[in-house]
Amino acid sequence: MVGVVGGGQLARMMHQAGIPLGIRFKLLADTPQESAAQVVGTTVLGDYRDLDTLRAFAADCDVITFDHEHVPTEHLRTLQAEGVAVRPGPDALVNAQDKGVMRAKLDSIGVPCPRHRLVADPADVTAFAHEGEGYPVVLKTVRGGYDGKGVWVVRDETEAAAPFLAGVPVLAEEKVDFRRELAASVVRSPSGQAVAYPVVESLQENGICAEVTAPAPDLDPALSDEAQQLALRIAGELDITGHLAVELFQTRDGRILVNELAMRPHNSGHWSQDGAVTSQFENHLRAVLDLPLGDPRPRAKWTVMVNVLGGDYPDMYRAFLHCMARDPGLKIHMYGKDVKPGRKVGHVNVFGDDLEDVRERARHAAAYLRGTITE
């Protein structure tokens with residue numbers, strides 16, 4: 001049995017991928033209304049921050065994996081010491097939990113990153129800015145941020161005060177002048193087998209992934225190979241088990257810099273559900289169970305994933321009628337979540353040989369499902 005900590009859409013889609021393989025699931029969720037709790041039969045409600053809750057949850061599981069990276073590192077180390085198979089392990093996962101730890105580790109193994117350091121207060125931010133090309137500077141709380149939360153772009157010392165109000169360490173980074181954002185995804189098993197997916201381009205809106213194109217258009221093959229090899233090296237150096245997404249900046253002068261790491265299925269890999277021979281979700285499960293990994297190659301020349309965000313759904317059935325009738329090749333994935341402005345409530349995938357056609361179809365469907373267009 002696979003125990004998944006966290007009840008969001010990633011756990012829901014992991015469960016979906018495991019059904020054909022006959023994998024049994026147990027879920028630790030906060031509420032029965034969470035995305036995965038709606039579909040996983042064996043669901044335990046509890047606080048993932050409580051060690052005794054985690055112990056009880058893990059008792060009859062063969063392996064524990066995650067929908068998010070927020071489980072306290074010390075609890076995971078305790079579970080591992082008590083014989084629980086935690087994948088990815090806490091020594092790896094801490095690099096996705098703590099941006100300061102991640103940057104120090106990546107520096108130590110020679111991975112290219114934006115210029116950065118921990119800062120003590122707004123005056124220290126100004127000192128960091130003047131060590132480079134000045135403001136603006138990106139500030140990040142080292143723990144707890146996601147989808148743009150816990151990240152600020154500040155233009156002076158006054159604006160730099162806000163991140164320190166949370167009372168947690170703050171990381172300063174240079175604001176990279178990048179051409180676009182890329183993501184390199186790999187999956188690694190405990191036995192050391194690893195596979196790499198095509199490098200994709202991701203478009204962000206307000207810190208949230210809005211669209212992914214696989215593979216990244218017009219990406220130099222040498223730079224694509226470099227990104228894949230970099231992700232594989234990080235997975236090996238950090239001893240990661242499962243899926244690793246390496247979010248990258250492609251700079252205007254042709255370099256790649258590591259922005260973030262995620263050690264679980266990731267929004268940049270949702271295209272693989274319909275566009276790859278083996279999805280990121282299935283391969284993550286294969287990895288944590290130490291099964292042979294599946295083929296990550298794409299099924300079509302292009303796949304475009306567009307997130308469905310926020311919006312108003314007065315009649316989802318009629319929205320489905322329109323989208324499915326207009327485009328029988330469209331693949332819709334909804335998460336069963338309450339609608340809130342800017343919240344990810346689903347995504348659509350479209351694949352084919354003509355990039356502009358595929359992109360237009362995916363964008364149209366996502367906009368219609370969101371309610372921003374009506375025809």
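Predicted model: local features only at pLDDT ≥ 70, side-chain atom pairs only at ≥ 80, totals over all residues.
View 1. Most residues other than glycine have a negative phi, and most peptide bonds are trans. Asp218 is exposed, with a relative accessible area of 68%.

**View 2. A cis peptide bond joins Tyr135 to Pro136.** The omega angle of the bond from Tyr135 to Pro136 is near 5°. Pro136 is placed in the loop between helix 6 (122-131) and strand 6 (137-141).

**View 3. Asp290, in the loop between helix 9 (280-288) and strand 15, has a positive phi.** The phi of Asp290 is about 55°, although the residue is not a glycine. Is Asp290 buried, partly exposed or exposed? With a relative accessibility of 36%, Asp290 counts as partly exposed.

**View 4. Strand 2 (residues 25-29) is mostly covered and pairs with strand 1 (residues 2-5) in the parallel sense.** Five of the five residues of strand 2 are buried, and the cover extends to both faces, with Phe25, Leu27 and Ala29 on one side and Lys26 and Leu28 on the other. The parallel pairing of strand 1 with strand 2 runs over four bridges, and in this pairing Val4 stands opposite Leu27 of strand 2. From strand 1 the chain passes through helix 1 (residues 9-18) to reach strand 2, and this β-α-β crossover is right-handed. Strand 2 is also joined by three bridges to strand 3 (residues 43-45), and these two strands run parallel; here Ala29 stands opposite Leu45 of strand 3.

**View 5. Strand 17 (residues 344-352) is mostly covered and has antiparallel pairings with strand 15 (residues 302-309) and with strand 16 (residues 331-334).** Of the nine residues of strand 17, eight are buried. The antiparallel pairing with strand 15 extends over eight bridges, and within it His347 of strand 17 is the bridge partner of Asn307. Strand 16 pairs with strand 17 over four bridges, in the antiparallel sense, and Lys331 stands opposite Asn349 of strand 17.

**View 6. The second largest pocket lies between domain 2 (115-174) and domain 3 (178-370).** How many residues of each class form the lining of the second largest pocket? By class, this lining has eight charged, six nonpolar and three polar residues.

**View 7. The largest cavity has a volume of about 50 Å³.** The model has two cavities of 30 Å³ or more. Residues that line the largest cavity include Ala183, Ser185, Tyr197, Pro198, Val200 and His243, and the lining also takes in Ser268, Gly269, Trp271, Ser272 and Gln280. The lining of the largest cavity divides into five nonpolar residues, six polar residues and no charged residues.

**View 8. The second largest cavity has a volume of about 40 Å³.** Its lining is formed by Cys323, Arg326, Asp327, Leu330, Arg361, His364 and Ala365, and the elements that give two or more residues to this lining are helix 10 (316-326) and helix 11 (355-370). Which element gives the largest share of the lining of the second largest cavity? Helix 11 gives the largest share, with three residues. By class, the lining of the second largest cavity has three nonpolar residues, one polar residue and three charged residues.

Technical notes. Residues numbered from 1 in each chain as written. Heavy atoms only, no water. Nonpolar A, V, L, I, M, F, W, Y, C, P; charged D, E, K, R; others polar. Domains from an automatic or database assignment. Buried < 20%, exposed > 50% of the residue type's maximum accessible area, 1.4 Å probe, protein only. Pairing = 2+ DSSP bridges. Right-handed = clockwise from strand over helix to strand, strands pointing away. 1 Å grid on protein atoms, 1.4 Å probe; cavity = no way out; pocket = protein on both sides within 12 Å on 5 of 7 lines; lining within 4 Å. Points joined across faces, edges and corners; volume = space filled by probe spheres on them.
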